[in-house]
Every structure is written in structure tokens, then in C-alpha cells.
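User: I want to learn how to read a model like this one, feature by feature. Please give the general idea each time, then the case at hand.

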Amino acid sequence: MSEDRKVGILGLGSYLPELGSYLPEKILTNKDLEKMVDTTDDWIMERTGIKERRIARADEATSDMATEAAKRALADAKLKPEDLDLIIVATITPDMFFPATACLVQQKIGARQVPAFDISVACSGFIYGIAIANQFIKSGTYKHALVVAAEKLSAVTDWQDRSTCVLFGDGAGAAVLGPVEKGGILSVYLGADGRQGELIKMPAGGSRIPATHKSVDERLHFIKMNGTELFRHAVKIMADAALQATQPLGLKAEDLSLVIPHQANIRILNAVAKRMGLSTDKIYLNISKYGNMSAASSAVALVEAVKEGRIKKGDKILLDAFGGGLTWGAMVIEW
Ligand code: UT7
């Protein structure tokens with residue numbers, strides 16, 4: 001098959017928990033959080049732009065949310081599970097260390113025994129996943145790939161730590177990729193900087209600090225984050241990634257119809273828009289409803305932007321994300 005085959009998104013789907021029971025049995029609002037930690041609705045809104053977030057049920061794991069999103073993306077693409085040649089799940093909250101959540105999704109949607117694996121690049125996962133699938137399809141190795149970004153961050157959130165628990169939420173978004181006649185993925189830019197890995201991590205549970213009573217008592221199985229430092233890196237890295245993905249195509253900020261960013265903090269996104277010379281109305285936002293869902297954030301944002309008619313045929317859009325690792329990625333897609 002031709003080397004310069006064009007690859008695009010054939011279908012999209014998302015899943016967001018409606019009625020959680022892991023914590024309060026509803027969408028978790030800032031007002032609910034006021035009763036749990038020393039915080040206020042005003043502080044959270046002003047410092048992050050988040051109003052509420054979805055919390056998965058106790059019996060609902062990442063693969064369950066991923067499966068729902070995947071089924072919806074397949075239906076949107078008018079394809080069947082057996083049409084898939086590759087399954088990638090981007091997550092930092094897999095159901096368990098192994099088997100991979102992608103293998104669980106393969107079984108749950110009834111796909112064939114095609115390659116299935118997880119990638120762990122935190123908030124950049126949806127873009128990394130699409131980038132990997134793009135290569136396999138472009139080379140002619142596979143025809144149809146499923147990329148799911150799914151997170152149950154509520155399971156690794158320290159609900160006693162006000163500096164992190166107000167930020168995160170659960171959800172899943174999925175895309176089915178395949179060959180397209182026109183447009184599709186025009187550019188991909190990925191990067192990572194392991195030197196900054198300490199800025200956001202979950203210290204225990206792996207081979208460095210296996211689970212013990214002590215590790216649980218010390219609350220090491222939760223997300224630890226240096227928010228201020230991350231903020232600084234996020235603005236610079238996301239603005240630079242946007243440039244690296246657009247410049248080779250000769251595109252300027254004004255040529256983009258919409259930017260779909262990772263939704264970590266509204267102040268980060270306003271600062272990125274300013275650096276890019278882009279008006280803020282070209283940055284798609286849904287952070288107020290869902291908070292930061294790591295890899296799922298940009299996936300769900302893309303699904304909703306399309307649903308709301310914000311992306312039309314022929315539009316050039318930019319996906320732009322940054323997260324733990326540190327990792328980052330940006331890509332231009334012609335719709
Ligand atoms: O997904 C990618 C990875 N994550 C990110 O990119 C997150 C990036 N960082 C951020 O979004 C922001 O740094 C935060 C929202 C996490 C924090 O905002 P900030 O403006 O950097 O606040 P800060 O951490 O400097 O804290 C300012 C004050 C502190 O009090 P003092 O020391 O000034 O008295 C905090 O203790 O706000 C306090 N604070 C809170 N107050 C009320 C921290 N969390 C809260 C809270 N409610 N939930």
C-alpha cells in the first residue's frame with residue numbers, strides 16, 4: 001500500500017460517568033468539595049476554571065468507561081468491532097498493572113485478536129495514541145485502529161489533599177482511525193522530558209515502592225504534584241508544541257479553526273492562547289464541567305467540539321497536550 005496514505009478520524013465517542021458512588025452519589029461540585037477539604041467554590045473557579053467533575057461508580061473501572069466510549073466511536077464510524085486491526089488505550093489508571101486495559105477492551109467490545117496495548121504518557125496519551133495509530137495505518141500495516149483515552153483519576157486522588165483533589169475527574173474518549181481521501185492528520189509533534197518527572201507522579205504501587213501497609217499509611221498511592229512548577233512548564237511547552245506542529249505546514253495561528261487542548265487549568269489555556277497570538281474563543285473549553293481527566297480530557301473535548309458543530313469539514317484544528325513525564329504532543333488535523 002502507498003506510503004503517503006492519508007489517515008483521519010472516522011468516528012468519535014465519549015463516556016462520562018453520570019451518577020457516581022465512589023464519593024458523593026452525584027456529579028462532584030465545588031460545593032461538595034467545600035464539605036470535604038478546606039476550599040471554596042470561588043478559589044477553585046478563579047484558580048482553575050473548574051465547576052464540577054464526574055466521578056465513576058465504585059464498580060466502574062477504566063476499561064468499562066473505555067469500552068462505552070469505544071462502542072460509541074465505532075458506531076459513529078459505522079464500523080464493527082471485527083473491522084479493527086489495532087487497539088491502543090492511553091491511561092495512567094489502568095484496571096490493573098496487567099493485563100493491559102486495551103486487552104480488556106478488546107474482549108469487551110468483541111474485537112478480533114488484534115494487537116492491543118496501553119500507553120502511559122499521562123495527559124498527552126490521546127495524541128501519542130493517535131500518532132502511533134497514524135504510523136501503522138499510513139504504512140499500510142493496518143487499516144482501522146481504535147485509540148481510547150480513559151481515566152479513573154478519582155481512584156488515585158488523595159481526597160484529603162486540597163491542592164490536588166479539586167482538579168481531577170473521570171471519563172473516556174475514543175477515536176477510530178482509518179484511511180481518508182482528503183485531509184486527515186497533517187502533522188505530528190511529540191516530546192518528553194524525564195528530568196521533570198518528579199513534578200507529578202504516583203510514588204507507590206510499582207517496583208520502586210510496592211504496596212505495603214506503610215506505603216498506604218503514608219498516602220503514597222495517590223497523585224503528588226508540584227502545581228506551580230507544572231503550570232510554568234505547561235504554558236511554555238504547549239505554546240511551543242503548537243508552533244512545532246503548525247510551522248512545518250506553513251500555518252499561522254489564524255489559520256486554525258479551533259484548538260483542542262488538554263484541559264488542566266483555564267489560566268494555562270489563556271496564557272497559551274496569548275503566547276500563540278490566538279483569540280481565546282478559538283480554544284475549546286470544557287474544563288468547567290469535567291476538570292482534568294488526564295488523557296481523556298483532549299479526547300472528550302474533541303468529541304464535544306464536533307458534536308457542538310464547532311468543527312466543520314475542511315477545518316484545520318490543532319490538538320495540543322502536556323502532562324506527567326513530562327510528555328507533550330501536538331498535531332494538526334484537517335477535518
Ligand atoms: O494535567 C497536567 C498536570 N497538571 C497541571 O498542569 C496543573 C498545573 N497547575 C495548576 O493548575 C495550579 O498550579 C494549581 C491550580 C494546582 C494551583 O494554583 P496556584 O495558583 O499555582 O496556587 P498555589 O499552589 O500557588 O497556591 C496558592 C495558595 C496556597 O496558599 P498560601 O500558601 O498562599 O497560603 C495554597 O495552600 O492557595 C492555597 N490552595 C488552596 N486554597 C483553597 C491550594 N489549593 C487550594 C484549594 N482551595 N483547593
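User: Where is the place of Pro99?

Analyst: Pro99 sits in the loop between β4 and α4. Helices (H or I, at least four residues) and strands (E, at least two) are DSSP runs, numbered from the N terminus. Two notes on the source: this is a predicted model, where local features need pLDDT of at least 70, side-chain atom pairs count only at pLDDT 80 or more, and totals for chains, interfaces and linings use all residues. Residues are numbered from 1 along each chain as its sequence is written, and side-chain values use heavy atoms, with hydrogens and water left out.

User: Which peptide bonds are cis here?

Analyst: General idea: most residues other than glycine have a negative phi, and most peptide bonds are trans. In this model, the bond from Phe98 to Pro99 is cis, with omega near 0°. Another cis bond joins Gly325 and Leu326, with omega about -15°. Leu326 lies in the loop between β12 and β13 (327-334).

User: What is the phi of Ala122, and is Ala122 buried or exposed?

Analyst: Phi of Ala122 is near 55°, a positive value in a residue other than glycine. Ala122 is in the loop between β5 and α5. Buried means under 20% relative accessible area, exposed over 50%, partly exposed in between (1.4 Å probe, protein chains only). At 11%, Ala122 counts as buried. Ser294 also has a positive phi, about 50°, although it is not a glycine. Ser294 is found in the loop between α10 (287-290) and α11 (295-307), and is buried at 2% relative accessible area.

User: What covers the buried residues of α4?

Analyst: First, the residues themselves. In helix α4 (residues 101-109), Thr101, Ala102, Leu104, Val105, Gln106 and Ile109 are buried. Their cover includes α3 (62-77), β4 (86-90), β5 (116-119) and β6 (145-152). Contact means heavy atoms within 4.5 Å. After α4 comes Gly110, with a positive phi near 80°.

User: Which residues does Val176 touch?

Analyst: Val176 is in strand β7 (residues 170-179). Val176 is buried, with a relative accessible area of 0%. Leaving out residues up to four places away in sequence, its contacts are Gly8, Ile9, Leu10, Gly11, Ala73, Leu74, Ala77, Leu79, Leu84, Ala145 and Leu146.

User: How many residues does the largest nonpolar core have?

Analyst: A nonpolar core is a set of buried Ala, Val, Leu, Ile, Met, Phe, Trp, Tyr and Cys residues joined through side-chain atoms within 4.5 Å. The largest one here has 36 residues. Those with the most contacts inside it are Phe126, Ile130, Leu177, Ile260, Leu302 and Leu319. Helix α5 (residues 125-138) gives the most to this core, seven residues. The core draws at least three residues from each of domain 1 (7-181) and domain 2 (186-334). A second, separate core has 26 residues, including Leu199, Leu230, Ala245 and Ile283.

User: How far apart do the C-alpha centres of domain 1 and domain 2 lie?

Analyst: Domain bounds come from an automatic or database domain assignment. The two C-alpha centres lie 14 Å apart. The contact takes 46 residues from domain 1 and 47 residues from domain 2.

User: How much space lies in the largest pocket?

Analyst: General idea: rolling a probe the size of a water molecule over the atoms shows where empty space is left. On a 1 Å grid over the protein atoms alone, a pocket is an open set of points where a 1.4 Å probe fits, with protein on both sides within 12 Å along at least five of seven lines; lining residues have an atom within 4 Å of a point. Grid points are joined across faces, edges and corners, and a volume is the space filled by probe spheres set on the points. The largest pocket holds about 1000 Å³. Of its 36 lining residues, the closest to the centre are Ile92, Thr93, Pro94, Val156 and Met202.

User: Why does the second largest pocket lie between the domains?

Analyst: Domain 1 (7-181) and domain 2 (186-334) both give residues to its lining, so the second largest pocket lies between them. Its volume is about 470 Å³. Of the 24 lining residues, Leu167, Met225, Gly227, Phe231 and Asn265 are closest to its centre. The largest share of the lining, five residues, comes from α8.
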